[in-house]
Amino acid sequence: MKQTTRPPDHRPEGVRNAAAAAAPPPARGRKRRRPTSTQWAARGFLAPLTLYLVLFYAYPLFRNIDLSLRDYTVRSFVQGDAPFTGLANYRKVFDDPAFAPALLHTAVFTAVCLAFQYAIGLALAVFFNQNFRLSATLRALFLVPWLLPLIVSASTWSWMLNSDSGIVNAALHAVGIGPVNWLTSPSWSLTSVIIANVWIGVPFNLVVLYSGLQSIPAGLYEAAALDGAGAWRRFRSITFPLLRPVSAITLLLGLVYTLKVFDIIWIMTKGGPADSSTTFATWSYQLGFGNLLPAFGPGAAVGNLLVVAALVFGLVYVRVQRKQALS
């Protein structure tokens, strides 16, 4: 084996000693640093949150996925010996005649509610941003629908839209319009639950968008007014563009909430009549709990479709925000 020899170092002794002193010490095994008291405190504060997320989010999601991949009956649900069926429950859901109407109703319900909630909430936020007298009092009153329990709001709307004794039909009769079967007609049931859900969701949009308007500098409006810009031009060129990040998160949160709306629809119409107001949320409940022989697997599969839809829109939002940050 050929040995390599170092060439002799002809540098002066002082230079060699200085170089040896400046050379890094030989690598040794690094000792693991023990967590400091601050790190232990941080872990202690994170532990309850982590436990909460695991118990109430991760585990239920895992169980729902497991339900959708097995053939669960009441007996196997209790004993836990359901056979694995793969994607059979999803194929059963896609082949079900109720899938297409439920998908259409979910899309229409979500899109219309989001559009009206955002438009009305933005208009009210711009109106209250003028800081006139009684502005704070009126804003507080607009929060009432958001603060009421959903069962109270849905029951109130059921009474108001009752075909025989509802106040809405009474008002229509006063102006010469015949009664409308809001809750019992397939043509009006979806419209009825949309109206109720828009009324409930407007206050949330109002609060978030109003907070966003407060962060826009007033000097921009003053400069635009000096340049001769009218109210509509100021809104189109200043308010709406600068409110875009707040609008995006408002629409995303509204989308996630609206996709899973169950209480309002179930209390007012139970998805009927003739499944005319059935969405994925109510259909999932009907499959899992609305029959004498519950279909746990297909019901869980429908619920997972809602989770996937919300996740897709969330990822789209993150991607758009990342592009805007880089541009």
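Asp 275 comes out as partly exposed, with a relative accessible area of 43% (buried is under 20%, exposed is over 50% and partly exposed is in between, using a 1.4 Å probe and protein chains only). The model is a predicted one, so local features need pLDDT of at least 70 and side-chain atom pairs count only at pLDDT 80 or more, while totals for chains, interfaces and linings use all residues. Residues are numbered from 1 along each chain as its sequence is written, and side-chain values use heavy atoms, with hydrogens and water left out.

Asp 275 sits in the loop between α14 and α15, and its phi is near 60°, a positive value in a residue other than glycine. Ala 274 is found in the loop between α14 and α15 too, and again phi is positive in a residue other than glycine, here near 55°. Ala 274 counts as exposed, at 74% relative accessibility. Pro 273 belongs to the loop between α14 (263-268) and α15 as well. The peptide bond joining Gly 272 and Pro 273 is cis, with omega at about -5°.

As for the overall picture, the protein has 16 helices and zero strands; helices (H or I, at least four residues) and strands (E, at least two) are DSSP runs, numbered from the N terminus. Of the 327 residues in the protein, 32% are buried. Contacts here mean heavy atoms within 4.5 Å. Taking the contacts with a separation of 6 or more, 64% come from residues 24 or more positions apart.

Next come the helix pairs. Two packed helices are described by the angle between their axes and the distance between the axes. The axes are lines fitted to C-alpha atoms, for helices over the stretch in contact, and the angles run from 0 to 180 degrees between N-to-C directions. Helix α15 (residues 280-289) and helix α16 (residues 296-326) have axes that come within 7 Å and cross at roughly 160°. That makes α15 roughly antiparallel to α16 (angles under 35 degrees count as roughly parallel, over 145 as roughly antiparallel, 65 to 115 as roughly perpendicular and the rest as oblique). The crossing of α15 and α16 is left-handed, a label used if the near helix is turned anticlockwise from the far one by less than a right angle, with right-handed if clockwise. On the α15 side, the residues that meet α16 are Phe 280, Ala 281, Trp 283, Ser 284, Leu 287, Gly 288 and Phe 289. Their partners in α16 are Phe 296, Pro 298, Gly 299, Val 302, Gly 303, Leu 305 and Leu 306. Sorted by class, the contact of α15 with α16 has ten nonpolar, four polar and no charged residues; Ala, Val, Leu, Ile, Met, Phe, Trp, Tyr, Cys and Pro count as nonpolar, Asp, Glu, Lys and Arg as charged, and the others, Gly among them, as polar.

Helix α16 also packs against α4, at an angle of about 80° and with the axes 8 Å apart. That makes α4 roughly perpendicular to α16. From α4, the contact draws on Asn 89, Tyr 90, Lys 92, Val 93 and Phe 94, and from α16 on Gly 297, Pro 298, Ala 301, Val 302, Asn 304 and Leu 305. By class, that gives seven nonpolar, three polar and one charged residues in the contact of α4 with α16.

Asn 89 lies in helix α4 (residues 88-95) and is buried, with a relative accessible area of 3%. Leaving aside neighbours within four places in sequence, Asn 89 is in contact with Leu 67, Ser 68, Leu 69 and Arg 70, as well as with Gly 297, Pro 298 and Ala 301.

Arg 70 pairs with Asp 66 through their side chains at 2.8 Å, N to O. Asp 66 also forms a salt bridge with Arg 63, and there the closest N and O atoms are 3.2 Å apart. Asp 66 and Arg 63 both lie in helix α2 (residues 37-68), three residues apart, about one turn of the helix. Asp 66 is buried at 16% relative accessible area, whereas Arg 63 is partly exposed at 25%, and Arg 70 is partly exposed with a value of 25%.

Pro 60 is found in helix α2 and is partly exposed, with a relative accessible area of 37%. Not counting residues up to four places away in sequence, Pro 60 touches Val 54 and Leu 55.

Definitions and conventions: A salt bridge is a side-chain nitrogen of Lys or Arg within 4 Å of a carboxyl oxygen of Asp or Glu.
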